Amino acid sequence: PTRCTHRRQRQMCIRDSYRTVNQGEIAMPICVVRSEENDLIDAEGNRYLDFSSGSGVTNAGWRPTEVFDAVRKQLEKLPYCAPWFPTEEAIALSDLVLSHTPARLTRCARATGGADANETRCRASFALNGKPGVITLSRAYHGGSRLAANLSDAFAFRLPVIPIDGDIVRAPAPHCIRCPLGLNRSDCGVACAEEVDRLLGEHSDVGLYMAEPVLGSGGVIVPPEGYLPRVREISRKRDVVFALDEVMTGFGRAGWMTLSEAWALDPDAISLGKGMGGGTLPIGAAILSDELSTALGRFEDVSPTFAWTPLACAAAKANIELILREDLPVRARQTGDRLLNDTRALFTTHLPERTAEVRGIGMMVGI
């Protein structure tokens, strides 16, 4: 009992100290001190299985030995290099990423994470067509930087938004169980996609459509069949860049390396982050078409100082190779089917009057 009391007091002390000196949300009232296999262990010695996988980061588990070994090896060789120097690690990572993303995307733009990658895509779009406006979805989350917060649904996520130049147009999310247009999926004709067309007709300064193929933080909302292909057609017709935010769905989480390739969506750009680095080093990427990369290349590179360090590149390469070697995307589909079915059975059995829908794809489930 004395030992348990001591641990609890230590955890409370750590938590209170964190609140005193750190600006940030404490979503879970525990202090994690280490990981073992796929368990997280707090200051009291309690073990937890994290069903969010570090918010979609630790796709290959909390202790990927191969990634840790690659980091140790790279530390001895070259951990950091200024972003304007080419490195072997960056070339190797780019080749690997491009071999598992849609074929027409030919360049990797460096980033430290998802929000950074989304901002790069916006810069590339503006460089191409000179239109500052962006159309995004309700319930979307694209990051916490100034531009990314504007692209996100500030009301849904209680984000402090500082206005920026250019229209941010909000299209309705393709959320059939709670259709924002009040329609039924059986006979709506994917009206939410046609709403994108209408909004683009009203906002001539919009040059970019950006959406998550599956809205992650917004509720794991899987769009109805035909929605994204129709929006892609509309974007082509309106001469608007069609870009997808795969920060959460990439690297096996949704059952494929990217949903853009699995669903044959042919985007002009995608953004990657979260699961790219295996939970060791921050890294992300904007993967661009020839047109977008050429347009962006006319300007000075503004990659962050710590984007794609050799250390981060080595970690990401080892992590992606592990995901491929262990066939984790396929396993995510198989295990995801079981997770979805068992979760659905659990909630419909024990909370039928409070459960409207259990939905998901791969290892992403929303209730």
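The largest pocket in this predicted model has a volume of about 1,300 Å³. Its lining is made up of 36 residues, and those closest to the pocket centre are Asp50, Phe51, Ser53, Arg253 and Met363. Helix 13 supplies the largest share, with 9 residues. Rolling a probe the size of a water molecule over the atoms is what shows where empty space is left.

Three strands form an open sheet in the order 1-2-3, with antiparallel pairing. Strand 1 (32-36) and strand 3 (47-49) are at the edges; each has a single partner strand, so one side of each is left without a neighbour in the sheet. On average, neighbouring strands of this sheet are turned by 35° against each other, direction ignored. Strand 2, residues 39-42, pairs with strand 3 in the antiparallel sense over 3 bridges. Leucine 40 stands opposite tyrosine 48, a residue of strand 3.

The largest nonpolar core holds 45 residues, and the ones that touch the most other members are Leu93, Ile135, Tyr209, Tyr227 and Met276. What does leucine 93 contact, leaving aside its neighbours within four places in sequence? Leucine 93 is in contact with Met276, Ile283, Trp308, Cys313, Ala316, Lys317 and Ile320.

Terms used:
Residues are numbered from 1 along each chain as its sequence is written. This is a predicted model: local features need pLDDT of at least 70, side-chain atom pairs count only at pLDDT 80 or more; totals for chains, interfaces and linings use all residues. Side-chain values use heavy atoms; hydrogens and water are left out. Two strands pair if DSSP finds at least two bridges between them. Helices (H or I, at least four residues) and strands (E, at least two) are DSSP runs, numbered from the N terminus. Axes are lines fitted to C-alpha atoms, for helices over the stretch in contact, and angles run from 0 to 180 degrees between N-to-C directions. A nonpolar core is a set of buried Ala, Val, Leu, Ile, Met, Phe, Trp, Tyr and Cys residues joined through side-chain atoms within 4.5 Å. Buried means under 20% relative accessible area, exposed over 50%, partly exposed in between (1.4 Å probe, protein chains only). Contact means heavy atoms within 4.5 Å. On a 1 Å grid over the protein atoms alone, a cavity is a set of points where a 1.4 Å probe fits but cannot get out, and a pocket is an open set with protein on both sides within 12 Å along at least five of seven lines; lining residues have an atom within 4 Å of a point. Grid points are joined across faces, edges and corners, and a volume is the space filled by probe spheres set on the points.
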